[in-house]
Amino acid sequence: MSMPPAPQSPYQTPFHPWGALPPTPSPEKSRVGLMASIIGGVFLLIVALLATLVLVGKKIESSYPRADYALTVPGTLLGGRYKLTKDDSPTLGRTLERNWRHNWDAEAVHGVVAVYQADPGDGDRGELTVTGMYGRFRNTAGVRARVLAGNSARTTEAKVLVPPKEVTPSGARIRVDCEVLTRTWADRSKLTYPVCVWADGNTWARVADMTFATTMNIDLKTAARTTLRIRSEMMKPIR
């Protein structure tokens, strides 16, 4: 006669169907693992972000043209008709550089600011003021627009009489924008004169032709041709 099975003690732990129960991890080890996972994820995110910034930087760098030309300040302009009277490149040119240093369309910039006086023997009275930069530039249309937009910001000295427009001479490879300003001095005297700007991959300059002989008859196409001639006299290849 078989004996009945002994009753199971209520304090006896039953066996797990697949064996013994796995040990429960301690709370401290769980937190350490969680923190390690978070730190590892953040590290991978930072690495991915840095790699993306490097790729974007290389793409931006490759979008700029090569720096093949510089903008100089010769002693005379326009075949000797205008003589250099002041070269403000070491002072105002540095200020210009700081203003353009963080512009997305400019890189490795150097400022040039010069004033030329007309030769009275040629029948002209007045001056040429050339403000420009050399370096590496892209989006040259945007550069021209920004340069002329600075004139409209003035409130008392100069007013825009004819707004900027493109007046590139026929057959010219470099585009030129021009406008007409009226300048008023403290003695209430006025002068109306053209301002033109060119911009290419290596240089840009704003030419203010404040010559009194042109006060009553301003031909912007002539002013644009003069601007391109000044460009050819100021640009020099980088050796």
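## Basis

The model is predicted, so local features need pLDDT of at least 70 and side-chain atom pairs count only at pLDDT 80 or more, while totals for chains, interfaces and linings use all residues. Residues are numbered from 1 along each chain as its sequence is written, and side-chain values use heavy atoms, with hydrogens and water left out.

## The aromatic pair

The structure holds one aromatic pair. The ring centres of W100 and W204 are 5.3 Å apart, and their planes meet at 35 degrees, so the pair is tilted. Pairing covers rings of Phe, Tyr and Trp (its six-membered ring) with centres within 6.5 Å; planes under 30 degrees apart are stacked, over 60 edge-to-face, and the rest tilted.

W100 belongs to helix 2 (residues 89–100) and W204 to strand 9 (residues 203–211), so the pair ties together parts 104 residues apart in sequence. Helices (H or I, at least four residues) and strands (E, at least two) are DSSP runs, numbered from the N terminus. W100 is buried at 5% relative accessibility. W204 is buried at 1%. Buried means under 20% relative accessible area, exposed over 50%, and partly exposed in between (1.4 Å probe, protein chains only).

## Arginines over rings

R138 lies over the face of Y64, at 4.8 Å from the ring centre. A charge sits over a ring if NZ of Lys or CZ of Arg is within 6 Å of the ring centre and within 35 degrees of the ring normal.

## Positive phi

Most residues other than glycine have a negative phi. L78 has a positive value, near 55 degrees. L78 sits in the loop between strand 2 (76–77) and strand 3 (82–87). Its relative accessible area is 5%, so L78 is buried.

A108 also has a positive phi, near 55 degrees. This residue is in strand 4 (residues 106–118). A108 is partly exposed, with a relative accessible area of 49%.

## K86 in strand 3

K86 is found in strand 3. At 46% relative accessibility, K86 is partly exposed. Beyond its neighbours within four places in sequence, K86 contacts V113, A114 and V115. Contact means heavy atoms within 4.5 Å.

G75 lies 11 residues from K86 along the chain, and their C-alpha atoms are separated by 9.9 Å.
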